[in-house]
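Colleague: I have the model open and would like to go through a few places in it. Could you take my questions one at a time?

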Amino acid sequence: MSKLPLHTISVLVANKPGVLVRIALVFARRGYNIDSLVVSPTVNPKFSRMTITAKGDLETLEQIIKNVNKLIDVIHCGEHPANTVEKELALLKTKASPAVKAFVAKNTRKFHVRIDDASEGCYIIEQTGTTAELDEFEALIRKYGILEMIRTGKILITRGKETT
Amino acid sequence: MNKESSKTQPKKSMNGAQALVKCLENFGVEYIWGLSGGAAIPIFDALVGSKIKLILTRHEQGATHMADGYARVTGRPGVVLVTSGPGATNTVTGILTAMMDSVPIIVLTGQTLTSMLGKDAFQEADISGITMPVVKHSYLVKNTNDIPRIIKEAWHICQTGRPGPVLVDLPKDITSAPFSGESLDPEMDIPGYKKDTPSPHKADIVKMAKFFKGKKKPLLLVGHGAVLSRAGAAIKKLAEKLGSPVTNTLLGKGEFPETHPLSLGMLGMHGTAYANKALINCDLILSIGSRWDDRINGNNNEFCVDAKKLHIDVDFSEINKIVKPDAWVVGQAREVVEELVKLVGPLDTADWLKEMAYYKKEFPLKYSTNNGLTAQQVIDTCYKVTQGKAIVATDVGQHQMWAAQFYRADKGNHWLSSGGAGTMGYGFPAAIGAQFAAPNNLVVAIVGDGGFQMTLYELSTVFVHKLPVKVLIIDNKYLGMVRQWQELFFDNRLSGVDLEGNPDFVKLAESYGIKGFHMNKPEQCESVMQEAMNYKGPCVIHAEVIKEDNVFPMIPAGKSAFHMIVEKPTAKMEKPSGST
């Protein structure tokens, strides 16, 4: 299969029941696979922000954005503006060992990692960073064995005065 | 207390259902089509003594198509009321039909108690979930006091911008509980619905107008958006000023009169040969509220390759969806065309019009009366006898295409057909809705023997309400359009198309207390049609036509207009690449 580009789509929605289903249907119908989806409150309790990463061709993306914008409960939908700060958080579970401990300590600065918990012979390592940084660290720590991993999915916000 | 505030002021002892009915009355709703059931009883109860006339149908699908027919004729929302579970799911086909053709209807469904939602209660169906992909918007009401706001929003949303169906699911405890809201006319809360009536950008219209300069072979394509925004007068002005021929989609029929010398009639798969020739040869095509449906453009790679393509649509998501236009304007068709006509000048189209006249003469729509009664003769005779003045509702299939070809429409809201969804069973109930909307107009349902049997039980509705609908059944004892495909593309291997066991339609009508007429010979056609159309009251005209006739011209699905055939081919045809 050819590699399809990954897109980040930001959607501001009214907090109404069913809005997530309606948006998911627009993606599913057009064959777009959602990689990650984050729903979070905004400063205004009437609205929520969804940050969606999904793979697919540009032409279909244009149709998806237009059709999501058409939904009554969607205030705004667009591919994310270039000028943003983006972050993601990961929790990784490994076996507790001096080697892992040393590895985390060595990379604390570079990858913003730390050990949150050590119980029953396991570490839980926390990392925040860009999606690319999370991918990179995951690849590096893989050699020690990852027992379990969970990631929040990407969130982003535009820099400066412009709203997302 | 003045009159206005007494309207919006709730009564002290109102329940949710009564507040709902009061809101609908305040919007001027005349009719509700529906069928009762346990979860909807409080709402039906609230309709007792209301100004709104409740029309009891025999099936919920019929109710949705009646509301749809009413909405297409009047431009006002049609309202449907059904119960939960199967009552609600029976409306799905009608909702899809309205969605695909952008028709404003509101479907109110009863629902089980909120405390029982998701617990497989008796007659529970997650109808808002089931219909999500086929509604413009929907609601599951969780609070009695929200009813007036939700009804106001539904009323607004279904008919503004690009119209469409809105579903409101009403649990029984919500409609039964006391209403304690302050107003029956509260503020709407739809901050995401800013695009209800987009104003066209002047600059876009100016840009579009420039494309007309120096063009010699323009073509205007009129779609349903033109009908919905009542753009006919503006389009006539534009066509006459440019000297441009005009073609229309199935749903655009009549908004620009098909009897006008510049009209080429319907284009596309079963459109006129001259309209399709114009499509091939034009140097500019302007779609006015058409979404370049696959019935008209067949193969996108070969569609109007040498022509500049211009697109007017109220829905931004239609721009670039199928055709990438050279210029486009988002806005109501009427508003845009009214502006556009000021910015364009007459074009030198004398040769182009001569070419069209040649094609009209060379490839006319035609039929023979030598080999028995044909559907074309029946419909053509109906057209002549009614002088083209009837409101026509069709079903789906061969008769629909023949009706589109031979019943020339002069008014957009006088032609009702299920275009996008292609819903068999639509025609007859839609005609009933049209007759409610226009009680003094002649309304004819042109249906096939297959489709009519899907909703024929509404003969009771016609009888009870003494609606003088004329039902013209084109009976070829086949699901004819599929049989045609099987003949042309599948070596005539007929499968699942023979409608043996059809009833005697005259006796059937009589059993409902409705007059029946019959014809099966070419020489009977005119006199029977005269008698039937002059009959005061509802009637069924059973026209037994030759069994194995085909609709031509025809463009095989997935092909461009280059591949049009105007008569039965002698060589075997390859299977079409298009879906249907």
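Colleague: Is helix α19 (residues 427–437) of chain B buried or exposed?

Modeller: In this predicted model, 11 of the 11 residues of α19(B) are buried, so the helix is largely enclosed by the rest of the structure. A residue is buried if 20 or more other C-beta atoms lie within 10 Å of its own, exposed if 12 or fewer, and partly exposed in between, with C-beta atoms placed from the backbone. Helices here are DSSP runs (H or I, at least four residues), numbered from the N terminus.

Colleague: Which residues are buried in α19(B)?

Modeller: Among them are Phe428(B), Ile432(B), Gln435(B) and Phe436(B).

Colleague: How are residues and chains labelled, and what does the model leave out?

Modeller: Residues are numbered from 1 along each chain as its sequence is written, and chains are lettered from A and ligands numbered from 1 in the order in which they are written. As the model is predicted, local features need pLDDT of at least 70 and side-chain atom pairs count only at pLDDT 80 or more, while totals for chains, interfaces and linings use all residues.

Colleague: What is the mean pLDDT of chain B?

Modeller: It is 95, and 98% of the residues of chain B reach 70 or more; pLDDT is the predictor's confidence in each residue, from 0 to 100. For the complex, the predictor gives an ipTM of 0.90 and a pTM of 0.95.

Colleague: How many residues of chain B are in contact with chain A?

Modeller: There are 14, and they are in contact with 17 residues of chain A. Contact requires C-beta atoms, placed from the backbone, to lie within 7 Å. The side of chain B that touches chain A has 8 nonpolar, 5 polar and 1 charged residues. Nonpolar covers Ala, Val, Leu, Ile, Met, Phe, Trp, Tyr, Cys and Pro; charged covers Asp, Glu, Lys and Arg; the others, Gly among them, are polar.

Colleague: Turning to Ser176(B), where is it found?

Modeller: Ser176(B) lies in helix α9 (residues 172–176) of chain B. Ser176(B) is partly exposed, with 16 other C-beta atoms within 10 Å.

Colleague: Which residues is Ser176(B) in contact with, leaving aside neighbours within four places in sequence?

Modeller: Those contacts are Asn15(B), Gly16(B) and Pro42(B). By contrast, the C-alpha atoms of Ser176(B) and Ser263(B) are separated by 55 Å, the two residues being 87 apart along the chain.

Colleague: Finally, which residues of α1(A) meet α2(A)?

Modeller: Ile23(A), Val26(A) and Phe27(A) in α1(A) meet Ile64(A), Asn67(A) and Val68(A) in α2(A). That contact has 5 nonpolar, 1 polar and no charged residues.

Note on methods. Contact = placed C-beta atoms within 7 Å. Helix = DSSP H or I, 4+ residues; strand = E, 2+ residues; numbered from the N terminus.
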